[in-house]
Structure formats: C-alpha cells, structure tokens
Amino acid sequence: MHFYNHKQIEQKWQNFWVEKDVYNVSQSSSSKKKYYILEMFPYPSGKIHMGHVRNYTLGDVLSRYFKSNNYNVLHPMGWDSFGMPAENAAFENKTNPKEWTKKNIRTMRNQLKKIGLAIDWKREISTSSPDYYKHQQQFFIEFFKKGIAYKKDSFVNWDPVDNTVLANEQVVEGKGWRSGAEIEKKKLSQWFLKISDFSEDLLSNLTNLNDWPEKVKFMQKNWIGKSDGAEIFFKIHDKDNTFITVFTTRPETIFGASFIALSFDHPLCEDVLSNDRLKKFKKENKEKIYTTAKTDVEKIGFKTDYMAIHPLNGKKLPIFLANFVLMEYGTGSIFGCPAHDKRDYDFAKKFNLEIKTVFSNPEKKEFFEVNDDEDPVLINSNFLNNKRMSKARKEIISIFNERNIGKKKTIFKLRDWGVSRQRYWGCPIPIIYREDGAILPVSDKELPVMLPDDANFEQKGNPLDLHPTWKYTTCNETGMKAIRETDTLDTFFDSSWYFLRFCDPLNSKTGFSNKSIENWMPVDQYIGGIEHAILHLLYSRFFMRALNKSKYDVPNEPFKSLLTQGMVCHETYKDKDNGWIEPSEVIKKNNKFFLLNGDEVIRGRSEKMSKSKKNIIDPDTIIEEFGADTARLFMMSDSPPERDLEWSDEGIRSVWKYLNKIFLHLKKNQFEFTKEDELDAQTEEHLALVKKAQKLIKSFNNDIENFKFNSAVAKLREFSNFLFSNEKIETRLENYLWSIFLRLIYVFTPHFSEELSKNNNNKSICDLSWPKYNEKYIKEDLIKLVIQINGKKKAIVDVEENLNENEVIKLLKIDNNLNKIFSFKIKKTIFIKNKIINFVL
RNA sequence: GCGCUCGUGCUGAAAUUGGUAAACAGACUGGACUUAAAAUCCAGCGGGAUUCGUCCCUUGUCGGUUCAAGUCCGACCGAGCGCACCA
C-alpha cells in the first residue's frame, strides 16, 4: 500500500536535484532569452519566518515557470548580513557578531533548502564577507574621487549613557531604547552620498517604470518632493549687507506679506539675531520649540528686535523666530502671508499681525486658501493687480531677476544620504586621516579594510574606535602617521548593489564584469515587501546612477518589474490577563477558543505575524507535518500575492488532503507519466478531453504571467475535480491528462510532481519543457451566445461562430422556448458578434 | 488635514477588463460507510417566491453615463496604507 510520505519524498528529490545539479546557471547562453528573478535577500536573524516562505515561493514559481519555458533563468540567494542585531547579540550573549551571523546563515540556508527552492547555491553571497565588501569599498573610493561621497557636519541621535549614535528607530519617545537615557542632538562629522544631485533624474524616470506599482512610484515621488518656486532676498533694516533668503512656491503673494519667520535653528540666530533675551526664551521654551512636527501643535513665536524691508514696497516687516518653520526645508525662513496660508494666519492671529488679502475676495473673507486650478485675479498687489495668479507668478519672478531681489528656484525634499554608522558590524569606510590633515582613500593594494576579529563589545561606544590598535596606520606613500575612519557603512549601502554581484558572484578582481551585467541586468522581476518602497529601492536606483558617473557601466534602472507582496497574517490571542498567547496553545472547540486549562481565550484581529504578538506559525513545524509542497501550494492558493495572506490551519490541512488524494489515486491506478507525442491518434472523446487540457495550459500560463497564482490553483482544482468525477476515460488518455496536470502543478509542488512523473520518464521534471497548446486546435466550434432582454440575461445558446445578427434571429425564431421574444414589440436590437444579443422592448 | 488603494456570501476569494455575479476553496448543515470516532465519499450552502418547470432581488450607500455597470463617472459612508506645520 502506498501512502503520501512527504518527508521521504521531499528529502529524496532534494538530494537528487543537488546530485544532478539541475539548478546550475550557465553564464552565457546566447540561444536563450534571459530571465533574472530576484526576491529581496533576507537578514540572517536566526530563523526563516512565514513571510520568507511566501516571498521565496513566489519567486520560485516564476523561476520554475520561465525555466521550463526555455528561458535562461537566474534565481540567486544571499544574505544581508551586516547590521545591528548581530552587534546587540554580541553585547548580550558575548558572542562574536561574525560567529553569530554564520550560525544563523547555516540554519536559515538549511531551512530554505527544505522549501525546495530552485536556487544555484554556488552563487550564494553574503554582504559581511570580505569577498563582498572589498568591492564595495572600491565603489566608495570611486564615489569619493568623483565627489559623490563627501564629509559634512550633521546632527545625530546621541545616547550619552551608552556613548553611541542611535538610528531613528532606536529612539523611543526621545529616549534610548536600551539605556533609557534622554537622547541628545550631537553634531558629528559624517559621510554622505550626494543623492540630491540626482533628484530630478530619479523623479522623472519614475514614469518609465511601467511595471512598478503606482503606489510605490507615488511614495518615491513624495519622498523626492519637488517644489517649484522662488527665492526672495529680504534686507534687514539697519544691518548693512545682511539678507534673509526665503523660499516660496507662491511668489505672487509677496504683497500680502506681513512678517518674516525663521527657524529657531537658523544660522542667523547664532549670529546677528542672537542676544540674551533669545537665549533665555530658547531655554525656557525648549520643549515647545522642538516638539516633533505635527499640524496641531501650538504656534510658538519669538519677536526679534529687527525688521526686514519688503523689497518691492519698502514696508518694514517684523522678523520672528517660529517653531513651525523647519530648518530642514527650503532656506529655513519664510515670509508670512496670513490671508492665504493657514499656518501664517494662525501665527498672525496670535501676534496681532496684519492680514491682507491679495486675491479677488467678493465675500470679504479674512482668510481663504487658493488652489492652482482656481487661478484667481490679484488685488492689493500694486502692479500685479487684475492679473491672473498664474501670469502674476511668472511676471513677479522675472521682476525679481531684473532687480536682483530674488530668483526662480526649484527645491527637493530629498536630502543627501548619510551613510556613516558609529558601529562595528558593518563595512569599514576605506579612508585614512593623515597627521597633516589630508583625507585619503585607502590604496587599492590594501583593500579590503577588514574588521578586526578581536573587538571588545562590553565597553560603551564604537568598538572600532575603542580598539587598541586597529585604527592606527601609516600612509604608505609618505610614511606619515594616519588614523583609519572608524565609521562603518549603513547596511542600505550593502543592499544597493547585491543584485549586480549575483551576476558575477565569484569574480575576485572586480565586483562584476561588464559582460555579466550585459548578460543579466536588469532584474526582470523583483519581489519584496512594501516596507522597502522608498529607502532600499530609491537608494538602489541612485546607486546605479552613481556607479555610472564613476567608471562603471550598469543600467540606470535596476528593477524592470516590481511585485510588492502582502504580509502573512494570523489571528491574535490573549488570556484574561491581557497576555499574548501562541496559536499552538489554543484549542478550538465549537467555534470557541480555550487554553489547555479550560480558560477561555480572547480572540483579537488578524495581524502580521510577529514575535511580540506571538501570532507566529513556524515554517519548520509546518514543513515537518505537511511538507514543503503543501506549504508552497497553500501560500499560493488563498490570496493574490499583493494582498495580505491570512494563515489558516484548515487551509493548509485541506491542501495536504488534496495532494494526498491525488497521490493515492495515481498510485492505485498504476499511473504512468505520458507525454503528448506518445499519444495515439484521437477519437472524438479524445479530442474533447485533449482540448480541455490544452485550454487549461493556456489559461494557467496566463494566470502565472499575471501573478494570479490563486486563480491558477483554482483552475488546477477544477481540472482534477473533473478527472476524478469522470471514471470512464481510457487509461492511456487519463495518464496523459494527469501528466499535464503534474507538469503544471510542478511550479508549486516540485517534489510531488517529480515523484509521480518519475516512472516512464528519464528526465527530471525540472528539465522538461513546458506543455504546449495549439491555438488553432483549442478553438471551439460552438460558442456560447448570451440572449438578453433589456440588458438582463434570459438564456444562453450554443451557436456556430461568426454568425451575423440575422442568422442568430433566424435561429431564435425556430427555438420553441425563445421564439416568444418576437411576440413583443422590439424597439432596438444590440448585437455583439460571438458574445451577446440584447433585445430592448 | 492631504494623497493613494480597497469595500462582492458566514470566511479567503473569482469574474476573459463594460456583456452568464459568487468559479475554486474553507467553515457549517444533512446523508453514506463505521460498534464509535477520525479519514473518505455524496448532497446542500447570498436572499425571497414557487404549481419544483422556473421566476424575482442581490456586489458599502445615493445618483449619473450606457441597450447593458461589481467593473466607467460624481457625492457620501467605512477600512487600510502613505505623507504630514514642506512655505
């Protein structure tokens, strides 16, 4: 007696595939089209979670599909293995980050292999390996030479207790996540990449990314944040040659200006405007001034002793410092036009400032906002009066230019990318500071700059900086003493080019050869979570441009098509004390949920699986109990990829039952794998069934290519249901039909399909080409025509193809059921060939 | 506040892109098999009427375009996500 022993089957074929090296990727294959499929590589945190299983199965289905369809497929895997968790683990467990990371990679690699992914492991990469990061250091040096990498002073989150810099997400309510200390803003000299030089290019090229989700492009557009407007220079009264430059998108409202406001962080606060009264005010109102930006925060203002001079009418305008003016945006200073800007209006009300309308205002409103599409006429605006807003805007800018009191200006929200991290477990920045003050790149021969293995993680602060010897070096040209840069690179730097490395992973001379890039790039299909919509994807796009500007030759856009998959969710459970409970501890009984001890469990809404809420299902347990094929098929069958997937115990069980049922059926009937060319000439019955199978192939292909994996699974179910319910099919034909089925479902269940196809088939199913269909052949003789009355369906009739309206009506008139239509008065007939006929009565 | 996406049975969902709404599954109900349970198999499963042939209604709400709307347009309600004092 056979039974579906998934464990034994999956192990057997995984070994077989490795032995036969079926996933080997050949670099040059001129006869085949290339297809580069990539899922965002994992951080080796310790264990694979369900989100990974979904992500990598999605890519695996596509990779198997395209390979079977005769593409040369690259589907690699690697590790985003630098980053803070390793360092935190080192701190807590007294292990070396390197060892901790290696151990995690080993575990997770084995887990991934158990999922049955079609991956060429010979191409595996790891960003924390010197083989990888030495090329990255080379890139950094090229960027440095080209001025793309530069150093500047910048504010960081400083934890004074742990003596370290914290990332924004490590600052919780203004306090350090580990020390709990009040976080300070500290000025440090840090490395930046000039992404802002590429703002316009990164923005305008979004429109060419046709296969990216609109949502992601929209988010990037907002992030880049382009604003067209003007800068205006305001002279400070009684201060010779001191100007305040403001940025505005509404220069035409200049005659409505009633005050000037500067950020409390504006450089002039430290300079011209500085006095004891201001220092005292800042000290007393520190919290109010620096509350995080929110719309409903109280407007705080400080009136300085100075006035600015309106450049067109010479009016004196009070200069304020205001908390709603942000130093990070524009010039850190504005002119206030209270009649048409809510913030300025609130401020003017509080400080009793003039509110002057400059747009046509028949209703005599004190305040109203104006949109660009309204384009109203200006009033109270001197020579701009009676002009439309759009025209006035152009005119005023040219007047600014003529009189040298301002100029046209476009600004972007996108800031330069700070890549310095005062951390150990990252790629060392290959720079030395010579004792004479020169900042120099490390010479090629000395690359890679390796991390020391003997760092101490028990001290507070950056282990590289505190290392007794590591940072001391000499300049090999002059022999002068020098100190190494002790900052390491942001891990987004590592992940901004890993997809290039996959094209040529074993190249030790350069990060990649031009030929390999030509061969594989761009990535045809990239799959990952929406959480990387901005940073990772934008940095990668920038990185390609930066490489191109240096001496490399890569495509500007790395990812041709992007699929953002949804999260894997599960219900949450709590006990009566509000503590989270794991699903494995919950017992379901008559739609009620209990703990083992009989206490009732409170069910919460379904949320993304997370450790903190304990609503996790462990992939290992699932694969042990049901097998990888079941897990893979379930992940693909319940929801479309972009949407969240609700984990369901019943769902996974039913998939297992389904596979088991087919397995037992085929074994019982001594199924033999059959290909179409082995099939005898067909009878009528043959024809109809073969046609059915070929139609399945066509619609299945269509679903896969459009990522409608759940529909593809439904069609397989439909087909197998049909085969089960039809007992009279001749054996050889039935074998053929089941063989088609196995070859299609193969992309979801490779082990299962391999096991069942193996008798009578010498090739691995991985090497078989995809089943074919013949477009002419699957065409139906009869088509289904819908008969409507007043747009409502009344009947469906099978008719010959391409009948015209009169022929259809003729047929209906001799139909005993339908001819009564013609006893009514027909006002109008709508006829769409091969689809529908609609009688309007 | 601004923007984007989405609202279809008890649940996950499908609908060749304007032309048969609810495919395929899950849960549930009933039946067969069994001493019993599990497993398996069969049937039912949006609402209402029914002479058991069928007929009528139904895609968040209201309106519009159209011979025809789940699909297009407008307003509203609700959910999720993103941005948010961006000058």
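Two strands count as paired if DSSP finds at least two bridges between them. The model used here is predicted.

**Exercise 1.** Give the strand order of the open sheet of 4 strands, and find its edges.

*Solution.* 
1. The order reads β20-β19-β22-β21, with antiparallel pairing.
2. β20 (439-441) and β21 (472-474) each pair on one side only, and these are the edge strands.
3. Y472 has I483 in β22 as its bridge partner.
4. On average, neighbouring strands of the sheet are turned by 40° against each other, direction ignored.

**Exercise 2.** Classify the crossing of helices α7 and α17, then list the residues that meet.

*Solution.* 
1. The axes of α7 (residues 214-224) and α17 (residues 535-549) come within 10 Å.
2. They cross at roughly 75°.
3. Angles of 65 to 115 degrees count as roughly perpendicular, so α7 and α17 are roughly perpendicular to each other.
4. From α7 come V216, Q220, W223 and I224; they meet L535, L537, L538 and R541 of α17.
5. The contact residues divide into 6 nonpolar, 1 polar and 1 charged.

**Exercise 3.** Describe the second largest pocket and its lining.

*Solution.* 
1. The space in this pocket is about 440 Å³.
2. It is lined by 18 residues; P583, S584, I617, I622 and D649 are the closest to its centre.
3. β26 (568-574), α18 (619-626) and α20 (649-668) each give two or more residues to the lining.
4. α18 supplies the largest share, 4 residues.
5. By type, the lining has 9 nonpolar, 3 polar and 6 charged residues.

Note on methods. Residues numbered from 1 in each chain as written. Chains lettered and ligands numbered in written order. Predicted model: local features only at pLDDT ≥ 70, side-chain atom pairs only at ≥ 80, totals over all residues. Heavy atoms only, no water. 1 Å grid on protein atoms, 1.4 Å probe; cavity = no way out; pocket = protein on both sides within 12 Å on 5 of 7 lines; lining within 4 Å. Points joined across faces, edges and corners; volume = space filled by probe spheres on them. Nonpolar A, V, L, I, M, F, W, Y, C, P; charged D, E, K, R; others polar. Axes fitted to C-alpha atoms, helices over the stretch in contact; angles between N-to-C directions. Parallel < 35°, antiparallel > 145°, perpendicular 65-115°, else oblique. Contact = heavy atoms within 4.5 Å.
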